[in-house]
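Open the structure in your viewer and keep the selection tool at hand. The stops below are meant to be taken in order.

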Amino acid sequence: MAKATNEIQYETDDPNRIQDVGWTLKEVWRRTRGFIVTSVNLIIFFILWEIITTYGNINSLFLPKASAMFQELWVGMTTRAPEGAVFSGSILDHFLHSFKNLMTGLAIACAIGIPGGLLMGGNKYVESILSPYVWALASLPRIALVPLFILFLGFTTTMQVTIIVLSAVFPIIINAWAGVKTTEKSLLAAAKVFGANRVQLYYKVVLPYTLPFIISGIQQGIGRGLIGVVIAELFGGSNGLGYLIQRSADTFNTAMTFAVLLLLIVMSLSLINFTRWLEAKVAPWRNVNHL
Amino acid sequence: MPIIEDKIIVADNLSISYDLHRERKKLIALQNISLEIKKGEFVVLVGPSGCGKTSFINAVSGLIPKSEGSVKVRGVEVTAPGPDRAMVFQDYALLPWRTVESNIRLPYELQNLGLSEEEKAVRVKKSLELVDLVGFEKSFPYELSGGMKQRVGIARALATNPDILLADEPFAAIDAMTREAMQAEMERIVMETGQTCVFITHSIDEAILLGDRVVVISYRPGKIKEIVDVDFPRPRMNNSEVKTSKKYAELRDHIWNLVKDEAMQTTRGE
């Protein structure tokens with residue numbers, strides 16, 4: 001239950017119990033070492049990459065120089081295609097297209113998944129009716145649905161967003177559902193004893209308890225949604241980062257391919273870290289140890 | 001001890017059973033419990049794990065339905081929880097996303113007691129003072145030690161100024177030293193507020209030190225084995241004469257003998 005390490009000591013009786021230590025060098029290092037170690041690590045990685053591709057006998061068709069990748073990324077992110085261009089070589093244009101699709105898809109997935117999961121957790125009839133479909137679709141590799149949706153919707157943005165929604169919605173549903181189901185029984189009992197009716201039980205206990213579960217669901221949804229973005233664009237479409245990967249590889253512009261991959265990594269990590277921050281912000285009590 | 005005759009809780013032939021759906025059987029947790037509790041009385045239930053003590057408290061609170069018999073509070077059959085009965089839980093059952101103050105306020109948010117905002121604030125402050133938590137209003141439960149969490153649990157129970165305080169092994173998860181301090185607090189609070197208290201424990205010492213009467217319950221199905229009167233003067237907690245007296249040792253021995261066989265049964269798993 002109560003771990004000694006979790007106890008925060010307050011200025012209770014003896015004011016000398018908590019003493020001001022000030023900023024020591026050790027403390028500054030303790031706080032910044034994570035950032036410093038990661039930065040140095042990455043810089044060494046890219047320098048080694050550069051050295052190997054410069055002095056090693058490596059075909060730049062397979063592995064471009066790190067500097068070429070960064071240059072491609074910089075140029076691609078700072079230029080836009082002219083008005084009316086049929087094809088854009090600008091990474092920014094494709095990034096904006098993909099990002100907008102991803103956000104639209106995630107918003108729709110949340111709008112369906114959160115109420116859906118809450119309803120499934122809260123009502124056993126809804127649960128027993130919907131759960132076979134949820135499990136069936138959740139276990140089906142979503143990529144298998146792409147040809148079908150191309151048939152239904154053509155090579156359109158609607159098709160791409162649909163794939164993203166289908167990719168992201170299930171982890172959100174399942175997490176919200178699990179959150180409701182695992183709400184601590186003693187919290188529910190306490191609320192009932194102190195006079196909660198059914199509605200209050202939901203919005204005073206079940207919903208706040210489920211909130212961090214929903215955020216984890218969205219976090220997983222982002223990961224799946226990004227897969228959906230790339231798959232949908234690889235299969236069918238003439239814009240987006242997935243399409244740009246395909247196109248640049250087809251035209252032997254490997255530096256561009258690597259630049260887009262790097263951008264995808266940065267985008268994915270930023271979004272996931274944002275949800276982690278959000279989770280820690282709304283539910284500091286959950287004390288989850290993240291990897 | 002003032003003798004007040006009106007009986008605030010009356011259980012008459014109360015039985016509680018649970019359906020074991022998988023085995024298509026019914027588990028009788030409590031059988032034919034008849035118990036009258038006077039206003040202002042401190043009644044402690046002791047008995048082995050799984051003997052149905054919690055079921056009794058839950059039936060009085062209105063959390064679970066009765067199978068047979070009746071439980072009346074002030075002559076009215078219990079069908080649902082009410083503001084006249086509050087509960088302290090073994091695992092504290094504090095809402096982790098709420099501060100200490102906000103947790104104590106919960107009962108006011110859930111039911112309309114006809115109190116103004118100022119009255120609520122005064123009552124919350126009084127509850128905090130009663131459990132000695134002033135200065136921790138803005139702390140979250142996860143920042144507190146077990147003993148402090150349970151003080152919040154007690155303050156929340158006292159917030160609505162209930163007539164009846166139900167406590168389900170409130171100090172079971174608290175370390176031995178803090179536990180003694182909490183027992184003293186509990187005695188002081190109940191003496192101050194004059195509440196009727198139904199208290200569950202596994203500790204015979206706790207039972208004798210806190211209870212006006214100790215109800216010994218047998219193991220599966222739970223029946224009243226014996227009701228032991230304890231008439232040490234209060235406050236007992238900081239009175240070393242109580243614990244060292246011959247009468248205390250005799251009472252302890254007597255209750256242990258009542259519980260011993262039952263406790264042995266639970267270790268054998270029946």
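Predicted model: local features only at pLDDT ≥ 70, side-chain atom pairs only at ≥ 80, totals over all residues.

Residues are numbered from 1 along each chain as its sequence is written, and chains are lettered from A in the order in which they are written, with ligands numbered from 1.

**Stop 1: chain A against chain B**

Select both chains. Here 21 residues of chain A are in contact with 22 residues of chain B (contact: C-beta atoms, placed from the backbone, within 7 Å). On the chain A side, helix H7 (185–193) and helix H8 (198–235) each supply at least two residues; helices (H or I, at least four residues) and strands (E, at least two) are DSSP runs, numbered from the N terminus. H7(A) gives the most, with 7 residues.

**Stop 2: the sheet in chain B**

Now select the strands of chain B. An open, mixed sheet of 6 strands has the order E6-E7-E8-E3-E9-E10, where two strands pair if DSSP finds at least two bridges between them. Strand E6 (85–88) and strand E10 (224–229) of chain B are at the edges, each with a single partner strand, so one side of each has no neighbour in the sheet.

**Stop 3: one edge**

Zoom in on E6(B). It runs parallel to strand E7 (residues 164–168) of chain B, joined by 4 bridges. B:Met87 stands opposite B:Leu166 in E7(B).

Note on methods
Contact = placed C-beta atoms within 7 Å.
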